[in-house]
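Visitor: I would like a close look at a single part of this protein, with some of its surroundings for context. Could you walk me through it?

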Amino acid sequence: MRTRTGFITLLIVTAWATSLRAACQDYAIGADVSFLAQAEQQGIAFKDSGAAKPGLEILREHGYNWIRLRLFHSPTDLPNDLNYTITLAKKAKSLGFRFLLDYHYSDTWADPGHQPLPKAWQGKTHRQLVDAVFQYTRDTIAAFRDADVLPDMVQIGNEITNGMMWADGKLPENWDNFAQLVYAGINGVDAGRGNGRRPKIMIHIDRGADLKGTKAFLDKLNSYETPYDVIGQSYYPWWHGSLNDLRSNLEFMAREYQKDVIVVETAYNWQPGNYVGKPAAFPESPEGQRQFLDEVNRVVMETPGGRGKGVFWWEPAVTGPLTARGFFDDQHNSLPVLTVFDRFSRK
């Protein structure tokens with residue numbers, strides 16, 4: 001009897017451990033590295049513990065398992081076109097990363113304050129824009145598939161709280177148009193993947209700590225029966241609110257919509273910038289930056305029902321004026337924030 005009881009206990013413990021490992025593998029420890037290849041091509045050598053290494057290898061060694069890459073239609077001042085993005089995705093996939101593709105449906109930055117049409121699509125009617133979104137998404141997804149880097153997840157637009165592809169898809173005045181554009185993107189993903197595994201579809205908004213704004217957007221989107229899998233939220237505390245507000249919103253989304261949620265953009269400065277002359281929850285210092293990410297991750301992991309599925313940093317390898325939001329100092333040495341996930345990933 002003791003032997004049988006011990007055997008049953010062993011099976012239960014083994015099953016629990018296997019389930020825990022699977023849950024950890026399912027959790028996205030992610031980073032938007034869209035500028036990384038450009039920085040390294042310009043001769044920047046990122047260093048960890050004094051040793052220069054490729055940036056993707058540094059991230060992998062600290063537990064990162066997902067990358068996010070943005071895609072612009074026909075960029076002129078930024079590197080993120082199709083060929084650049086496929087090349088960087090190949091490097092990441094070869095190291096075992098999963099891949100989230102972020103469509104901006106623009107030639108440049110698309111965000112809540114700017115959603116400009118690609119130059120190639122200007123002057124098109126709404127019907128023509130729907131067709132253009134479908135064809136462009138289909139063809140670019142097919143290009144990723146043919147390069148053997150089919151994304152694991154795809155964002156249909158970037159921070160689309162106020163719509164996308166203005167003025168045709170601007171919100172709140174053009175909800176019908178906007179919903180059709182989103183559908184066109186989703187249908188394009190399905191058409192482009194061929195017989196490949198279907199990427200999960202993310203809807204990305206910028207209301208991480210705004211429950212009321214999140215509810216208003218998602219309730220309206222869901223009234224169109226939009227088929228998506230994951231809610232992506234941006235969370236920058238100086239714009240969006242407190243950690244308690246983030247926690248409340250994550251709990252609400254998990255309960256109300258029964259969908260997985262990812263904080264797909266977050267960042268914090270390692271030197272003063274956003275909280276000069278006003279109080280902050282964490283010091284804008286290397287240690288304060290580490291504490292911030294640790295706390296955001298804890299809040300996400302505590303989302304009810306295991307619906308909190310990950311955190312993505314924007315961007316660890318950024319250079320220039322936004323260097324203070326990255327993972328490396330002015331001499332490109334790694335900062336304490338890089339170690340947040342070591343305890344989850346190292347034996």
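Visitor: Leaving aside its neighbours within four places in sequence, which residues is Phe 292 in contact with?

Guide: A word on the ground rules comes before the close-up. This is a predicted model, in which local features need pLDDT of at least 70 and side-chain atom pairs count only at pLDDT 80 or more, while totals for chains, interfaces and linings use all residues. Residues are numbered from 1 along each chain as its sequence is written, and side-chain values use heavy atoms, with hydrogens and water left out.

Now to your residue. Phe 292 is in contact with Tyr 235, Pro 237, Thr 266, Ala 267, Tyr 268, Phe 282 and Trp 313, once neighbours within four places in sequence are set aside. Contact here means heavy atoms within 4.5 Å. Phe 292 itself sits in helix α10, residues 286–301. Helices (H or I, at least four residues) and strands (E, at least two) are DSSP runs, numbered from the N terminus. With a relative accessibility of 1%, Phe 292 counts as buried. The cut-offs are under 20% relative accessible area for buried, over 50% for exposed, and partly exposed in between, with a 1.4 Å probe and protein chains only. For a sense of distance, Arg 138 is 154 residues from Phe 292 in sequence, and their C-alpha atoms are 38 Å apart in space.

Let us step back to the whole protein for a moment. The fold has eleven helices and ten strands. Its radius of gyration is 21 Å, close to the 20 Å that the globule rule gives for 347 residues, so the protein is as compact as a globular protein of that length. That radius is taken over C-alpha atoms, and the globule rule is 2.2 Å times the number of residues to the power 0.38. Along the principal axes, the C-alpha atoms fill a box of roughly 75 × 55 × 45 Å. Of the 347 residues, 52% are buried. Among contacts with a separation of 6 or more, 76% are between residues 24 or more positions apart.

Next comes the second largest pocket. About 380 Å³ of space lies in it. Its lining has 20 residues, and those nearest the centre are Asp 111, Glu 159, Tyr 236, Glu 265 and Trp 314. The elements that give two or more residues to this lining are β4 (66–71) and α8 (237–240). By class, the lining of this pocket has seven nonpolar, four polar and nine charged residues. In this scheme Ala, Val, Leu, Ile, Met, Phe, Trp, Tyr, Cys and Pro count as nonpolar, Asp, Glu, Lys and Arg as charged, and the others, Gly among them, as polar.

The structure also holds one cavity of 30 Å³ or more. Lining the largest cavity are Leu 36, Phe 46, Gly 55, Leu 59, Pro 316, Ala 317 and Phe 328. This lining has six nonpolar, one polar and no charged residues. On a 1 Å grid over the protein atoms alone, a cavity is a set of points where a 1.4 Å probe fits but cannot get out, and a pocket is an open set with protein on both sides within 12 Å along at least five of seven lines; lining residues have an atom within 4 Å of a point. Grid points are joined across faces, edges and corners, and a volume is the space filled by probe spheres set on the points.

Gly 208 is found in the loop between β7 (200–205) and α7 (211–222). Beyond four places in sequence, Gly 208 is in contact with Gln 233, Ser 234, Asp 245, Leu 246 and Asn 249.

Most residues other than glycine have a negative phi, and most peptide bonds are trans. Met 165, in that loop, has a positive phi of about 55° although it is not a glycine, and Met 165 is buried at 0% relative accessible area. A cis peptide bond, with omega about 5°, joins Trp 166 and Ala 167. The bond from Leu 171 to Pro 172 is also cis, with omega near 10°.
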